[in-house]
Amino acid sequence: MHDPHPVRLVVEDDYRRTRLTVFFRLLLAIPHFIWFFLWTVWIAATGFVNWVISIFTGRPRPWFHRLMCGYVRYQAHLSAYLSLVTDPYPGFMGEAGSYPVDIELPEEPVSQKRWTIFFRGLLFIPALLVASTLGGLNGGNLGSTRGRTRNSTGGGTLLLVCALLGWFATLARGRMPKGLRDAGAYALGYTAQTTAYLLLVTDRYPNADPTEMLVAVTDRPPRHPVRVVGDPYDLRRSRITVFFRLLLALPHLIWVTLWAIVAILAAIVQWFVTLVRGTPARALHRFISAYIRYRLHVNAFLFLVANPFPGFTGAPGVYPLDLELDGPQRQNRWKTGFRFVLAIPALIVDAALGGALLAAALLTWFYALVKGSAPWGLRNLSAYALRYDAQTNAYLFLVTDAYPHASPLEGEDTTEA
Amino acid sequence: MTRSRVWLLLPAAAVWAVAAWLLWRSSLPAYHLPHLDEHALFPAGALQRAQHFSDVERLFWLGKTITQLAVLAVFTRYGVRWMRESAAGPIGTGMLLGMIGFAFVWAAELPFGILVVWWRHRYGLSGSYLDATVTNWFALGAQFVLLCIALGIVMGLARTRGIGERWWLLAAPVFVGLRTLLAFIAPWLLGGRAFHAPYVEPLQRIQHVHVPVRVLSGFSEPNAAATGLGASRRVFFWDPIVRPPFTPRMDRFVLAHELGHLAHNHIWKSLGWYALFAFPLALLLALATRGRGGMGVPEAVPLAIFVYVVLQLVALPLQNVVTRHLEAEADWSALRATHDPGAGRQLFRLFASETLEDPSPPWWDYVFLENHPTLLQRIEMTRYYRASVRETGHP
């Protein structure tokens, strides 16, 4: 294991939300939008001066460092407020320890390699790509040119999706669902690390590993009946199969598509069976489970989350990143009857995570070609996306009636990432 | 080889020979072509240009082929080490090894593809670096899929209890069936727009072939093809051939040629020849891979690919003999249908300047690369036709 990242997320949120402020959240944030815009302009100007000075000195000046830290924190506070990751109205100065969702930053500026300072704008691009798929609310700002605010992925980022779904959920229940809160917090944390890297607060590259980001600041979710297992340290990648990965996966993509057609038909039959009996048919459950497992294997191979070429049968226990599924359990008939409608929010989160998965795969491809291994953080971000995809499919295809858990942390009692 | 196997092979060889003789029969007259001098038929400058272009293009082919064989030979020796990159079973692992082998070949051949484009550009011919690299990459993906299907069939049969080493007896008909299916459905997949000309219907009547004629766009070379079986039969023109400098008279000749293919059942005959080659090739493949455990195990796949490519290369001259024979019959059929040897002659002369095809290539090029009669031979045939009509009053 490596040293913990110097830019750390702090979460002291109790999930409770005030419906009134949630309903009017965007309007309430208008003063912050104006203030954030002004501060961003100020940071753009001072950030450039800080960059020029730091190239020569190898260390940012303390005054600049404090200013940048304040901006990183304020950005996190505002994003947390907007995306419902926490409830209280944030302050305007980004003071440390003043908000339930906070960012711990190095108190003093640290010496940095001059060449990394000089090329910071270029080195930052891969992190920006990931940040724009996770924390699009701010990633868009960072990715914009000439200060224009836009979402660089064109919408559908994880934080945005969490905020949107969380808004409805919170208005109904008065509480933010843990999964969405954790996912949002993770996106905020990564965005803060990215901004801190760009603004020379630290020279440590952002780490996309969700476990490292969250495990110390929030509880693990309960054990889910659909679990991803495997060795998170299995990072070796064969350069030749990485280079041709997309083409090597083509036979699998054709096979998985054909299998999906049959699996959909099987799921329709299963829907009737489960609705009538309350329990899925064992044979169909086995068939659909194999399909979902095979899909995980193929995606793990395609998106470079695992190294070996997978088999075509979705057999358990043969692939480094595998799926554990419980046997058929009794399911709630209401949940069964409205399964497709109920799955829509999960499908939206799944799509958002799909963007992150794609970005991570693209970056891993370059990294693995050079180093012959996958980067730890991106590998674990991808494993999270795949786990959620598997849980969503298991829910949609009636393998389980347990709703997919959006928390980036694995459930309790699970051996893997 | 045991005596009983020899007794089995002899009747099989006899059947093969009879089938080959039946497929070889054609409507071509027993004619002897007079030797023509290409210098008399083509302008010296055009001839020199075509020959120089073809000389270097041949060298590229030679380099590409040698590179391909060298890469596959090395892969045969060391390819097995990539088995560790697979968590699939034996068949899946075999597929992975096969794809990696193809990937190496693709990478090694890439410079030659780029060189060919560069060389074509020097002579003002079309060619795209994008096609030679990026599009070629996607073509490799299609190859991967076909390879996996082929290996799935072969390895699946070889691993089936009761079949084992005799997989080739079943695999050959399966491949012939797939090839037939592909020949049947391919015309519908190609699409194209309808082609209308006043000579289409009269030619169809003469050739007794009433099929749609369509034009495919997006091509840079002038060409045409007859495809399909039964209800799917079609004639396709590549769009450059229906544009100037090609004239309607030439297009009429081209259409008659393609209809001639269909009138003489050349698609079926091609499938017949494919079947005749498939059985011995599959048998040789089975024998060659026996030392590595047979086609049921992934370790045999790198060797199988190498042997397959070598066998293809060895069979190439024979296959070219067959296709040249079929093309000659289609040319003869076109001459009889159009009674216009002048159009044929002009067409073939134009091909030399438009595609820079060498009218009279060296022997090894003729043996390995020419799947059509040479332009000179085709012009000779038009002269023979005109002479025979003059002598006898009918062709």
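Trainee: What makes B:R292, B:P302, B:L303 and B:F306 count as residues that B:T76 touches?

Mentor: In this predicted model, B:T76 touches B:R292, B:P302, B:L303 and B:F306, leaving aside residues up to four places away in sequence. Contact requires heavy atoms within 4.5 Å. B:T76 itself belongs to helix α3 (residues 44–78) of chain B.

Trainee: Why is B:T76 called buried?

Mentor: The relative accessibility of B:T76 is 9%. The limit for buried is under 20%, so B:T76 counts as buried.

Trainee: Why is the pair A:R236 and B:E85 called a salt bridge?

Mentor: The closest N and O atoms of A:R236 and B:E85 are 3.0 Å apart. The cut-off is 4 Å, so the pair qualifies as a salt bridge. Between chain A and chain B the count is one salt bridge. Five residue pairs are in polar contact across this interface, both residues being at pLDDT 80 or more.

Trainee: Which elements of chain A give two or more residues to the side that touches chain B?

Mentor: They are α11 (239–243), α12 (245–248) and α13 (250–277) of chain A. By class, that side has 14 nonpolar, four polar and one charged residues.

Trainee: What is the extent of the contact between chain A and chain B?

Mentor: Chain A contributes 19 residues and chain B contributes 20 residues. The two chains bury about 1700 Å² between them, with 80% of it on carbon and sulfur atoms. A:F244, A:L247 and A:F309 supply 35% of the area that chain A buries against chain B, more than any other three residues.

Trainee: What backbone feature does A:L304 have, and why is A:L304 called buried?

Mentor: A:L304 has a positive phi of about 65° although it is not a glycine. A:L304 is placed in the loop between α14 (282–302) and β4 (321–325) of chain A. Its relative accessible area is 3%; buried means under 20%, so A:L304 is buried.

Trainee: Where is the cis peptide bond that involves B:P245?

Mentor: The bond from B:P244 to B:P245 is cis, with omega near 10°. B:P245 is found in the loop between β4 (234–238) and α8 (248–263) of chain B.

How values were computed:
Residues are numbered from 1 along each chain as its sequence is written. Chains are lettered from A and ligands numbered from 1 in the order in which they are written. This is a predicted model: local features need pLDDT of at least 70, side-chain atom pairs count only at pLDDT 80 or more; totals for chains, interfaces and linings use all residues. Side-chain values use heavy atoms; hydrogens and water are left out. Buried area is the accessible area (1.4 Å probe) that two parts lose on being put together, summed over both. A salt bridge is a side-chain nitrogen of Lys or Arg within 4 Å of a carboxyl oxygen of Asp or Glu. A polar contact is a pair of N or O atoms within 3.5 Å; within protein, one must be able to donate a hydrogen and the other to accept it, and residues adjacent in sequence count only if both atoms are side-chain atoms. Helices (H or I, at least four residues) and strands (E, at least two) are DSSP runs, numbered from the N terminus. Ala, Val, Leu, Ile, Met, Phe, Trp, Tyr, Cys and Pro count as nonpolar, Asp, Glu, Lys and Arg as charged, and the others, Gly among them, as polar. Buried means under 20% relative accessible area, exposed over 50%, partly exposed in between (1.4 Å probe, protein chains only).
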